[in-house]
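Take a moment with the model below.

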2 protein chains.
Amino acid sequence: MASDHTRTAILTAAERLYAERGFADVTLRDIVAAAGVNLAAVNYHFGSKDELIAELFVTRSLATNRERLNELKMAEAAGGGRADIEDVLRALVGPTVRGCLGPDKQRSDAARFMIRASIESVPPIRKIKNREVDHLRKFAAAMRRSLPECSDVDIYWGLHFALAMAHQTIRDTERLTKLSEGRCDLNDVNAIIDRVVAVATLALTTTSGRASKTARVARAIG
Amino acid sequence: MASDHTRTAILTAAERLYAERGFADVTLRDIVAAAGVNLAAVNYHFGSKDELIAELFVTRSLATNRERLNELKMAEAAGGGRADIEDVLRALVGPTVRGCLGPDKQRSDAARFMIRASIESVPPIRKIKNREVDHLRKFAAAMRRSLPECSDVDIYWGLHFALAMAHQTIRDTERLTKLSEGRCDLNDVNAIIDRVVAVATLALTTTSGRASKTARVARAIG
DNA sequence: CATAGTTTCATACAACTGTTTGAAAAGCAA
DNA sequence: TTGCTTTTCAAACAGTTGTATGAAACTATG
């Protein structure tokens, strides 16, 4: 293994193209052209297209999960084992949002690739993705520690909604920009994270009953 | 135009297959096999694969929008021109959620197709999709009427989050089911809609400031 | 009936897909 | 250098894709 040059070039180019254009219309020939390597190099270094995608996904998935858990650990340590729910949620959605919408191009490609992977389910990824649930379970546990009085079902829904808002915001930046005619600032990454965390926190801390009741409560304090 | 049999069979089969398996791995041959018609029929009746997809999308898009606006109109009429924000949100997310998760198979295919279309952006759809923004603007206006004191930016974010939660719930039923080990009931469609509407309403009626503050407020009333 | 128009069909086509091949090139130890 | 392994490369492969063709079958009107 003299030098990973070709391998790395393929991975980088593939990640960027998949992030930009999705899995459907990026061919191996597109990738090798962008990477400046020979077509056969993909099969030589990775075995097949699917294995290339799988490697990309596994690498990035582990990195994201590590980053999330790291933030979670710091938050729980700072709170003496029990973090604020906002900080747990921030650890959950922060890395991805910051990654996608932040300034670092490579990180942005990586994060966008992960978003694509979580949506356009392609066979090589579908098999691996089950592990994500185990990872999320750790966050569900942390959330339960932060909100002991909250029911499990509400915890799961809160986690689900937090991810939903974060991912949709990343994925469909364009629509919100157009709809708001630029008035929703999507460059202020921390403000976006704050907003998602705030709404998810509200959802978790004001769960009981139906829409009409929650609305009444909310109006009362508004 | 003696009988639309072939045309309709193609449309129905295409919608079902696209809804089930996504655009990427459904070929014209899959579609005509499912429809029980000849391969050339697609090009004869629709011109091209892209035009078939576009027709499918336009038809369904108009139907969904009509349904949404109808519910909105009824809500506003009942409230004397100013509907409750919950009812506006319900008109926005209800049709799609009910369509996707409801019992009617054909409706479910249609709704799932629309979800796919909104995510796996294929060229023929990407061009048309801009009109969706105009449609959503009507809901932003209705929300503004329901919450005159709410800022425009918060309105847009609330609308955005409501759609995000609804769509993600439809799209990734599986993950939430696994994560919660079946404890989150995804068969109770109305409960799901209520939950989405409740959270979005909270987001809209408790907007000011950052996460830490909203959390404090929420705790105080919890 | 005949005939003009519409619709279906089997088949072929060119373009593109991921993968394989075998030889050339490069790297490196002796 | 020699000899062996690793890596690159152009070319070809078999399979699949959307599309086109021209003849056959059908339909309806005169």
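Helices (H or I, at least four residues) and strands (E, at least two) are DSSP runs, numbered from the N terminus. Along its sequence, chain A follows the pattern α-α-α-α-α-α-α-α-α-α-α-α. That is 12 helices and 0 strands.

Some ground rules come next. This is a predicted model, in which local features need pLDDT of at least 70 and side-chain atom pairs count only at pLDDT 80 or more, while totals for chains, interfaces and linings use all residues. Residues are numbered from 1 along each chain as its sequence is written, and chains are lettered from A and ligands numbered from 1 in the order in which they are written.

Start with the overall dimensions. The C-alpha atoms of chain A fill a box of roughly 65 × 40 × 30 Å, taken along the principal axes. A residue is buried if 20 or more other C-beta atoms lie within 10 Å of its own, exposed if 12 or fewer, and partly exposed in between; these C-beta atoms are placed from the backbone. Of the 222 residues of chain A, 43% count as buried. Two residues are in contact if their C-beta atoms, placed from the backbone, lie within 7 Å. Take the contacts in chain A with a separation of 6 or more: 66% of them join residues 24 or more positions apart.

A residue is near a strand if its C-beta atom, placed from the backbone, lies within 6 Å of it. DNA strand C is surrounded by 20 residues, and the closest are A:Thr27, A:Ser48, A:Lys49, B:Thr6 and B:Asn38.

The largest share, 3 residues, comes from α3(A). For residue classes, Ala, Val, Leu, Ile, Met, Phe, Trp, Tyr, Cys and Pro count as nonpolar, Asp, Glu, Lys and Arg as charged, and the others, Gly among them, as polar. The surface near DNA strand D has 11 nonpolar, 6 polar and 3 charged residues.

Move to the interior. A nonpolar core is a set of buried Ala, Val, Leu, Ile, Met, Phe, Trp, Tyr and Cys residues joined through C-beta atoms within 7 Å. The largest one has 127 residues, and A:Ala162, B:Val88, B:Ala162 and B:Met165 touch the most other members. Leaving aside neighbours within four places in sequence, B:Val88 is in contact with residues including B:Leu72, B:Phe139 and B:Met143.

The axes of α5 (residues 85–101) and α9 (residues 152–171) of chain B come within 10 Å and cross at roughly 5°. Axes are lines fitted to C-alpha atoms, for helices over the stretch in contact, and angles run from 0 to 180 degrees between N-to-C directions. Angles under 35 degrees count as roughly parallel, over 145 as roughly antiparallel, 65 to 115 as roughly perpendicular and the rest as oblique. So α5(B) is roughly parallel to α9(B). Among the residues making the contact are B:Leu89 and B:Val93 of α5(B), and B:Ala162 and B:Ala166 of α9(B).

Finish in a loop. A:Glu181 lies between α10 (173–179) and α11 (189–205) of chain A. Its phi is near 50°, a positive value in a residue other than glycine. Why does A:Glu181 count as exposed? Because it has 11 C-beta neighbours inside 10 Å.
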